[in-house]
Amino acid sequence: ACASEVPAAATLTATDNCSGQITAEGVDTITEGECANSFVITRTWTFTDACGNSSSVSQTINVNDNVAPTAPAAPATLTVACASEVPAAATLTATDNCSGQITAEGVDTITEGECANSFVITRTWTFTDACGNSSSVSQTINVNDNVAPTAPAAPATLTVACASEVPA
């Protein structure tokens, strides 16, 4: 899955019909893919005897990162009374099976309620590695104004003699 998992070339030996030294040379040819952890290695060993006769064998190593980053746990579901109490999005990070940069993108989706302080935010973080593999986590934030206004103290009780004396 990752470039770091490619093994070192094995040491191979050949036999010849005549005695004498056989030289062995290993060469890797790389065919690039679409990202840092997507490519093909053709590993070829060439064996040459003292008279210049040669033969070869090849190994194909496919490197293909198709594993999504491991997303962290989502922040807990949250309920607040007012829109002004919604916290800023947390900074979350993920880990990946291969080294390389992971991009993190946070998006809020709002489902409107019946009033200005009644709605649901679904906050989703998506983590994408260099090869385009992605994973996501979401947090739900409920905004629900269920607190009645605080009434002021009532004006003092008055006693007046005539209806025309009742204040506004």
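Guide: Let's start with Leu78, which sits in strand β4 (residues 78–80); strands here are DSSP runs of E with at least two residues, numbered from the N terminus. This is a predicted model, in which local features need pLDDT of at least 70 and side-chain atom pairs count only at pLDDT 80 or more, while totals for chains, interfaces and linings use all residues. Residues are numbered from 1 along each chain as its sequence is written, and side-chain values use heavy atoms, with hydrogens and water left out.

Leu78 is partly exposed, at 28% relative accessibility (buried is under 20% relative accessible area, exposed over 50%, partly exposed in between, with a 1.4 Å probe and protein chains only).

Now for the charged side chains. How many salt bridges are there? The count is two, taking a side-chain nitrogen of Lys or Arg within 4 Å of a carboxyl oxygen of Asp or Glu. In one, Arg43 meets Asp28 with N and O 2.8 Å apart. Arg43 is in strand β2 and Asp28 in strand β1 (residues 23–35), so this pair ties together parts 15 residues apart in sequence. Arg43 is buried, at 4% relative accessibility, whereas Asp28 is partly exposed at 39%.

The other pairs Asp108 with Arg123, again with closest N and O atoms 2.8 Å apart. Asp108 belongs to strand β5 (residues 103–112) and Arg123 to strand β6 (residues 118–128), a link across 15 residues. Here Asp108 is partly exposed, with 39% relative accessibility, and Arg123 is buried, with 5%.

Asp49 is buried but has no salt bridge, and the nearest side chain of opposite charge, that of Arg43, is 23 Å away. What does its side chain approach instead? A polar atom of the Asp49 side chain lies 3.0 Å from the backbone nitrogen of Cys51. Beyond four places in sequence, Asp49 touches Asp16 and Gln21.

Technical notes. Lys, Arg positive; Asp, Glu negative; His and termini not counted. Polar contact = N/O pair within 3.5 Å; in protein donor to acceptor, adjacent residues only side chain to side chain. Contact = heavy atoms within 4.5 Å. Helix = DSSP H or I, 4+ residues; strand = E, 2+ residues; numbered from the N terminus.
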